[in-house]
Amino acid sequence: MTSVDVFVEAAGIVFSWPVIGYLMLGIVIGMVLGAIPGVGGVIGMAIVLPLTLHLTGYEANILLISIYSGAMYGACISSILINVPGSAAAAATTFDGYPMTRNGRAIDALTISATSSALGGALTMISLFFLVPFLSQIVMMFGSPQVFLLAFLGIAMIAVIARRASTIKGIVSGAFGLLIMTIGVAPAVPVPRYTFNQILLFDGLSYVAILIGMFAIGEMIVLAGEGGSIVSSAVDVRGSLRDGLRNVYEGKILMIKSAFIGMMIGAVPGAGASASNFFAYSEAMRSAHNPDSFGRGDPRGVIAAEAANNGTVAGSVIPTIAFGIPGSASTAILLGGFLMHGLQPGPDMFNEHLTFTYALFIALLFGNAIILIIGLLVVTRIGDVLTRIDTDIIIPLVTVFSMIGAFLLRVNWVDIITIFVFGVIAYYMKKHNYSIIAMVLGAVLAGIAETNLHRSLRLDERGAMIFFMDPLSLLLIFLIIVVLFGDFIKLKTERIVSEYRS
Amino acid sequence: MALARGEQGLLIFFLVTALYMFVESFEFQETAAFFPRLTSTLVIVGSVLLLLREYLPEPLGTFLADDGDGEQENRRSRGPVDGAEDEEAPAEPSAAETEEKDDVQQTTIFGRDVPIAGVNRGVLTVLVAVYIALSYLIGMLWATPVFVLGYAAYARLPVYLTVALPIIGFAIAYVFMGFVYLPIDSGVLHDWGWI
């Protein structure tokens, strides 16, 4: 089949019922959850993931990725209306979005964010179609040794880049995630490990249960301490849709640039939308003729931040689909969705499952159109309602969904205990600046890492020397060392230089 | 800087778990033991370094030092000041300030002053534990409204929500039981014939 044939087949699947229904549902769920500060799309994806067990691979993953995309836009609503970002991905949007609200231009700001998000996301998704042939060639170069090293590199990058904490904390978190998944029957030889002769533990822990525990239950424990609603009274929502659209048209070059900044940063595991929206905002300020207006309600600030965070979605999908290395919590859950439905990231996603890959891209592309319509016609009218939702309503409902979802996985009480234990662990990890994403990534990648490690060791009778046999493996090892020890080497170098100067 | 008790507990948990898994790995075949041994070693070394970081020499201590101040993504400022005529937007508190604010609001339990935020989190954690235990005993379908009612009552939600939310919770569980045949309408007490 040619690429065009595959594209047409994928489009047919996306626009068929009920797939299109799940797409629209996902966007709406994502928008609503993304707009509630402290909740976000990650929780929505975490509790929906086990519920997709009975759906097809297309329905499940299009639903999940739509929640991801919708939440990326939804986070801007509270940023703009009440100066509280729905998630870190919309933090930079507050700088100019909220001042616009205070200047009586809330509708302008909401219009700008909807349009920039939708167009920025759409442009980057279209560019993905052109990247696919190159990606598939790169992916074909990766064998078992490289996949194993890439898993470690992914965890190392998340550990170092995703948090501004010490590298060791990230490594401990990631390694613990890898370790805990060794419970159960070993993949290489059918030997039970750490099962205490309990049959319920033979299948080990479920990484989906760990995801639910850490992202949903853990988050609810944090929220319980914050409690209540952000605002009790209505927000003044005034302004002009037309003026907002005109602002986007005038800032079209900025929007395109910011979207691709978001895409490039999103492709780096661990960087994510929180980095991309700040980076794009900074770049917009740097390149502006009159940067002093930024921070006082300049529409360009909203354009840059919002185009970047939706551009990140396209970028983050690349390492997830191509290498099975999710770069963020959302893509870690997405990877969970792939694996749950028998889809292995890597070369197969560009050959045997190319239709699925294209269907995801088309779903994201069409999802941006839905974001635009809902953003312009609905959010500009009732967006402030979402900011008044009491989190004491959300907490018990999310907990119920989490429990049911966890039980639905395997009807195994170990999964219920898992979500509780990891929920508590996640709370303390967040409190003391340990990387939750690194641990989740370790849990998700443990199976891939161990299987490819053993396969690699069997490929060559010299065992571990296989990892030093080819340039690509050596490059990956070099990158792991740079990522892990780069900061330490930099500190030492700066110390030596300053001592020399003094 | 001395380690907080919570962080000490977390690291000790990681360390003890990894030590157990490392020792236990010698009971397995070599192929099955390699990966757990490798990963548990990383956890053990990392946890020990972090637990002892204040006693380590300066370069290593700096390398292990943490320049973050905790999770900031979910920290919220209070809402906007009412009235568009206010000239200055309220400054968004930093994570440290917000945490301090949370901890300043206190209540008294068994004669001790404790932060309300911590109590709320503790209560939710206990409620979830009870929810799990009750689900095991009588089935998740029946435990769900009890949990939701318990939380709604503790959070002092309006009466209509305190009534509606448990019904919604029950309905959610019922839908899953009906549509995907999830066996949540009975627990071990039913199996034992106690109910």
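**Close-up 1. Helices α3(A) and α4(A) lie roughly antiparallel to each other in this predicted model.** Let's start with a pair of neighbouring helices in chain A. The axes of α3(A) and α4(A) come within 9 Å and cross at roughly 165°. Angles over 145 degrees count as roughly antiparallel, and α3(A) and α4(A) are therefore described that way. Their crossing is right-handed. On the α3(A) side you will find A:Gly41, A:Gly44, A:Met45, A:Val48 and A:Leu49, which meet A:Leu63, A:Leu64, A:Ile67, A:Tyr68 and A:Ala71 of α4(A). Sorted by class, this contact has eight nonpolar residues, two polar ones and no charged ones.

**Close-up 2. Helix α3 of chain A is mostly covered.** You have already met α4(A), whose contact with α3(A) includes A:Leu63 and A:Ala71.

**Close-up 3. A:Asn310 is a buried residue in helix α13 of chain A.** The helix that holds A:Asn310 runs over residues 299-323. Is A:Asn310 buried or exposed? Its relative accessible area is 2%, and buried means under 20%, so A:Asn310 counts as buried. To see what A:Asn310 touches, leave aside residues up to four places away in sequence; the contacts are then A:Ser69, A:Met72, A:Tyr73, A:Ser117, A:Gly121, A:Thr124, A:Asn368 and A:Ile371.

**Close-up 4. A cis peptide bond joins A:Trp17 to A:Pro18.** Zoom in on the backbone here. The bond from A:Trp17 to A:Pro18 has an omega near 5°. Where does A:Pro18 sit? Look for A:Pro18 in the loop between α1 (3-14) and α2 of chain A.

**Close-up 5. A:Asn197 and A:Asn433 each have a positive phi although neither is a glycine.** This view pairs two asparagines from loops of chain A. A:Asn197 has a phi of about 60° and lies in the loop between β2 (192-193) and α9. A:Asn433 has a phi of about 65° and lies in the loop between α17 (413-431) and α18 (436-459). How do their surroundings compare? A:Asn197 has 72% relative accessibility and counts as exposed, whereas A:Asn433, at 3%, counts as buried.

**Close-up 6. A:Phe130 is an exposed residue in helix α6 of chain A.** This α6 covers residues 106-140. Why does A:Phe130 count as exposed? Exposed means over 50% relative accessible area, and A:Phe130 reaches 61%. As a guide to scale, compare A:Phe130 with A:Phe468: they are 338 residues apart in sequence, and their C-alpha atoms are 33 Å apart in space.

**Close-up 7. Helices α6 and α7 of chain B pack roughly antiparallel to each other.** Now move to chain B. Here α6(B) covers residues 140-154 and α7(B) covers residues 159-180. They pack at an angle of about 155°, with their axes 8 Å apart. The crossing is right-handed. From α6(B), the contact is made by B:Leu141, B:Trp142, B:Thr144, B:Pro145, B:Val148, B:Leu149, B:Ala152 and B:Ala153. From α7(B), the residues are B:Thr162, B:Leu165, B:Pro166, B:Gly169, B:Phe170, B:Ala173, B:Tyr174 and B:Met177. What classes of residue make up this contact? There are 13 nonpolar, three polar and no charged residues.

**Close-up 8. Chain B is built from eight helices and two strands.** Follow the chain from its N terminus and the elements run α-α-α-α-β-β-α-α-α-α. Of its 195 residues, 38% count as buried. Chain B exposes about 11100 Å², and carbon and sulfur atoms supply 63% of that area. Among contacts in chain B with a separation of 6 or more, 48% come from residues 24 or more positions apart.

How values were computed:
Residues numbered from 1 in each chain as written. Chains lettered and ligands numbered in written order. Predicted model: local features only at pLDDT ≥ 70, side-chain atom pairs only at ≥ 80, totals over all residues. Heavy atoms only, no water. Axes fitted to C-alpha atoms, helices over the stretch in contact; angles between N-to-C directions. Helix = DSSP H or I, 4+ residues; strand = E, 2+ residues; numbered from the N terminus. Parallel < 35°, antiparallel > 145°, perpendicular 65-115°, else oblique. Left-handed = near helix turned anticlockwise from the far one by under 90°. Contact = heavy atoms within 4.5 Å. Nonpolar A, V, L, I, M, F, W, Y, C, P; charged D, E, K, R; others polar. Buried < 20%, exposed > 50% of the residue type's maximum accessible area, 1.4 Å probe, protein only. Areas by Shrake-Rupley, 256 points an atom, 1.4 Å probe, with all protein chains shown as cover.
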